[in-house]
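Reader: I would like to go through this model by question and answer. Please keep it brisk.

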Amino acid sequence: MARMSVLTRDEAQNRARLLDVHRYTIELDLTTGDETFDSHTLITFSARTDADTFVELKPAELRSVTLDGQPLDTGTLDGNRLPLKNLTAGAHELRVDASMRYSRTGEGMHRFTDPSDGETYVYTQLFLDDVQRVFAAFDQPDLKAVFELTVTAPRHWTVLANGITEHTGDGVWRAAATPLISTYLVAVAAGPWHSVRTEHRGLPFGIHCRRSLAPHLDADADELLDITRACFDRYHEKFEEPYPFDSYDQAFVPEFNAGAMENPGLVTFRDEFVYRSAVTDTERQTRAMVIAHEMAHMWFGDLVTLRWWDDIWLNESFAEYMGYQTLTEATRFTDTWTDFGVTRKPWGYDADQRPSTHPVAPADVEDTASALLNFDGISYAKGASALRQLVVWLGEKDFLAGINTHFQRHRFGNAGLADFIDSLASATERDVHAWADAWLRTTGVDTLVPEPRSGDNVYWHLDITHRGDPGIWSAPDPDKSLPGMRHAGTMVSAGSTRPHRIAIGVYDHDLHDAARLILRDRIEADLPADRNVSFSPGGTRPALVVLNDGDLTYAKIRFDPDSLDTLRTRLSGLPDALTRAVVWNALRDAVRDGDLPAGDFLDIARTHLPHETDLALVQGVLAFASVHIAGRYLTPEQRPAALATLTALCRDLIRRTEDGDNPGLRLIAVRQFIEVAAHPDTIAAWLTEGTVPGGPELDPELRWRVLARLAVLGATDETVIAAELERDPSATGREGAARCRAALPDEDAKARAWEAMFGSDDRADLSNYLFTATAQGFWQPEQADLVRPYVSRYYKAAVAVAARRGPAIAEAAGRWAFPAHAVDAETLKLGEKCLRKADPIPALRRKLADQLDDLRRALRVQQA
């Protein structure tokens, strides 16, 4: 296999100083077979001086290359780099004719055949450096150009692209030329799409999906388009720069690796967002947030693009913040920050306490492989949290003035952190540069600890200890450094603290309702960095003090003993869902840090979740309790009791919703009841009868969920799985069947699943989605003895498959195929040895380093 080179920052800077890239004229032929497509590229560019450089591509076959009409030797292609020697200053034309491979991993040009009807679809995902899989390019974000695409496709297909497409006959489609955009943002989606089209503000809008999903898209078309229009209008109220492209299409595509991708004019989404089965309103809100997030990218990322990948936060943190905030302002989903607090923010907290932590705006992104690792909870959730804190500190008026200045200065160009901070500074007298140093250049999570003290009859006193989190991870041997772990042998989180502007919630018992708490006061406070503070609020000492009430900053909080006692009995009596999210996050953090016994968290959940009204909170707390507490933080001997507690909790929620007035809550409870069922009888009866007594009826999602749990419990077999697949022969059905088959407690079933994941050749390899589904079924806590021999085999197999199949499968192998249930010293020892000696590719190394750190934490929690 040819060696593929990653682009370094130094190489990109040198090439940017040398070249001006003007235009790409690209012709793609998608009618040449199932394995490859033809790619013809004309790149018009100029060199500022005489020099050598290179262009990138990853062809199946490189047929010919000409530079200014003179043929180049195709044999000089070295991996993914074609050298361009002896360039002279001035204008040039590079022509490349190649055959390119379709992908089955969601990278490059992904090809998918729908098992429901046999129709085929292809689409591009060119982020971060996968444009080279589709056409030749100077592949870096700061060499923007105009792109003109022509696509030849089967005659019954429709072709979508960044600009408006026109069918010129005989299956040939021509897309309107784009404005200046980066190579990674070019997009094509081709197939027999089902489309719903409209216009808004004079621009064509469209939503698209596979034909087999047409009824489900049509059912939600009004909602999808209403949200799109509402967000579009709200962004035009916020931003002085109008939407910069000629159309707005949203395509829901199969086997998509990310949630969505912000291709200008053609946003691609994973098509699980076209709901085939019942979903909760929180899930609809999540879909709406992704729509808002991707639309924000039209300005943050597409109009103004990062110069290099160290500033990926300028794309993702802003889109994350704007997505949640704009959805709250413009749609019926007004509680989005509660969902952010309970689902997204913990993602940031967890990532920021691992050895792989990095600043929001890191200074050490040396190459594209390193950059790809930073698409994590820090670049998204922590960055968005930092921006929310910035808006609180700066004021929204000055914040918007600064970003509008940024758009005006850098439209259709590139910018970095310094440019953005300068734009903000132009709109305020505050020291934005110092804020950026404290928030964007540091790592770790601050912890805020309240210390209430009783005073006289007029005042009580509150001291707040403000400390940097020193980190709790250390290498087992301080003399050995594990590759992929930044500070092996030392605490990894930064000890420095940052300034915070917070609200402090002060709560009393409700004298008229023993279950409720009432807000006495909400105190706004500025907490300087590296300094504790004291307050003397009026009145007697309260029952509960909640730091960061309203969740306006990014910090872990703790409770004083009296407040914790209050929460044990009255947490569900807090009047505001966002406050309850802050509390649940604090309890979660305390469990992970070993400060609160895992069993206590379960007891608090058992007491208060049956009374919770916010669906995001119920869903988030149940997920943490079942996956992390019952699955990892309690010992195997404690797991049955934990499952019994969760089963009883879910049964209470199901009983509470028997009147049918909260179908979303009932659906969450039914799903979780299935996941934690320790005995098959009840859920097997549901599957046989096709319904839960009192509803809901078992739609395809619930049927596969039940069958997967029955497989884990040994209460079904291959015959039943095959019959269910015949009942639901869709792509989702295939994934469900793969998950169920891998979950069967049978040696042969495990051997087949293992071979499917790690032993196939290129032509028989599982797609990215089928790989993930198989991995999700394979490891089960109830089958620890059966799968124990595979734990020692995992690391070598994962390293090999990642090297052979690339970053997307490496991510799946590290995330889903990791034996997370095996919380023991031997698993940890094997993983540490792998990181020291096996040299996994960067994407897998990062996932393994994170998984092993989580394993260390789980071991500590169990021991505590």
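Author: First, a definition: helix axes are lines fitted to C-alpha atoms over the stretch in contact, and angles run from 0 to 180 degrees between N-to-C directions. Note also that this is a predicted model.

Reader: At roughly what angle do the axes of helix α15 and helix α16 cross?

Author: Helix α15 covers residues 639-656 and helix α16 covers residues 663-676. Their axes come within 9 Å. They cross at roughly 155 degrees.

Reader: Are α15 and α16 roughly parallel or roughly antiparallel?

Author: Their axes cross at roughly 155 degrees. Angles over 145 count as roughly antiparallel. That makes α15, relative to α16, roughly antiparallel.

Reader: Is the crossing of α15 and α16 left-handed or right-handed? And how do the residues of the contact divide by class?

Author: The crossing is left-handed. On the α15 side, the contact includes L643, L646 and I654. On the α16 side, it includes L665, V670 and F673. By class, the contact of α15 with α16 has 10 nonpolar, 2 polar and 3 charged residues.

Reader: How are helix α2 and helix α4 oriented to each other, roughly perpendicular or roughly parallel?

Author: α2 spans residues 214-238 and α4 spans residues 313-330. Their axes lie 9 Å apart, at an angle of about 105 degrees. Angles from 65 to 115 count as roughly perpendicular. The two helices are therefore roughly perpendicular.

Reader: Which residues of α2 meet α4?

Author: On the α4 side the contact is made by M322, G323, Q325, T326, L327, E329 and A330. The contact divides into 7 nonpolar, 3 polar and 3 charged residues. From α2 come I227, A230, C231, R234, Y235 and K238.

Reader: Are α24 and α26 roughly parallel or roughly antiparallel?

Author: α24 is residues 807-815 and α26 is residues 842-863. Their axes come within 8 Å and cross at roughly 15 degrees. Angles under 35 degrees count as roughly parallel. α24 and α26 are therefore roughly parallel.

Reader: In which hand does α24 pass α26, and how does the contact divide by class?

Author: α24 passes α26 in a right-handed crossing. P807, A810, E811, G814 and R815 of α24 meet A843, L844, K847 and Q851 of α26. The classes are 4 nonpolar, 2 polar and 3 charged.

Reader: Turn to charged pairs. How many salt bridges are there?

Author: Side chains of opposite charge can pair when their charged atoms come close. The cut-off used is a side-chain nitrogen of Lys or Arg within 4 Å of a carboxyl oxygen of Asp or Glu. By this rule the count is 69 salt bridges.

Reader: R63 forms a salt bridge with D38. Is D38 buried or exposed?

Author: The closest N and O atoms are 2.9 Å apart. R63 sits in strand β4 and D38 in strand β2, 25 residues apart. R63 is partly exposed at 35% relative accessible area. D38 has 14%, and under 20% means buried.

Reader: Which helices does the salt bridge of D352 and K382 tie together?

Author: The N-to-O distance is 2.8 Å. The two residues are 30 apart in sequence. Both D352 and K382 are buried. D352 lies in helix α5 and K382 in helix α7, so the pair ties together α5 and α7.

Reader: By how much of a helix are R727 and E724 separated?

Author: Their side chains meet in a salt bridge of 3.9 Å, N to O. R727 is exposed at 56% relative accessibility, whereas E724 is buried at 7%. Both lie in helix α19, 3 residues apart, so the separation is about one helical turn.

Reader: Is T105 buried or exposed?

Author: T105 lies in the loop between β7 and β8. Beyond four places in sequence, T105 touches H110, N257, N768, R805, A808 and I809. Its relative accessibility is 8%, and under 20% means buried.

Reader: How far apart in space are T66 and D728?

Author: T66 is in strand β4, and is partly exposed at 21% relative accessibility. T66 and D728 are 662 residues apart in sequence. The C-alpha to C-alpha distance is 51 Å.

Technical notes:
Residues numbered from 1 in each chain as written. Predicted model: local features only at pLDDT ≥ 70, side-chain atom pairs only at ≥ 80, totals over all residues. Heavy atoms only, no water. Helix = DSSP H or I, 4+ residues; strand = E, 2+ residues; numbered from the N terminus. Left-handed = near helix turned anticlockwise from the far one by under 90°. Contact = heavy atoms within 4.5 Å. Nonpolar A, V, L, I, M, F, W, Y, C, P; charged D, E, K, R; others polar. Buried < 20%, exposed > 50% of the residue type's maximum accessible area, 1.4 Å probe, protein only.
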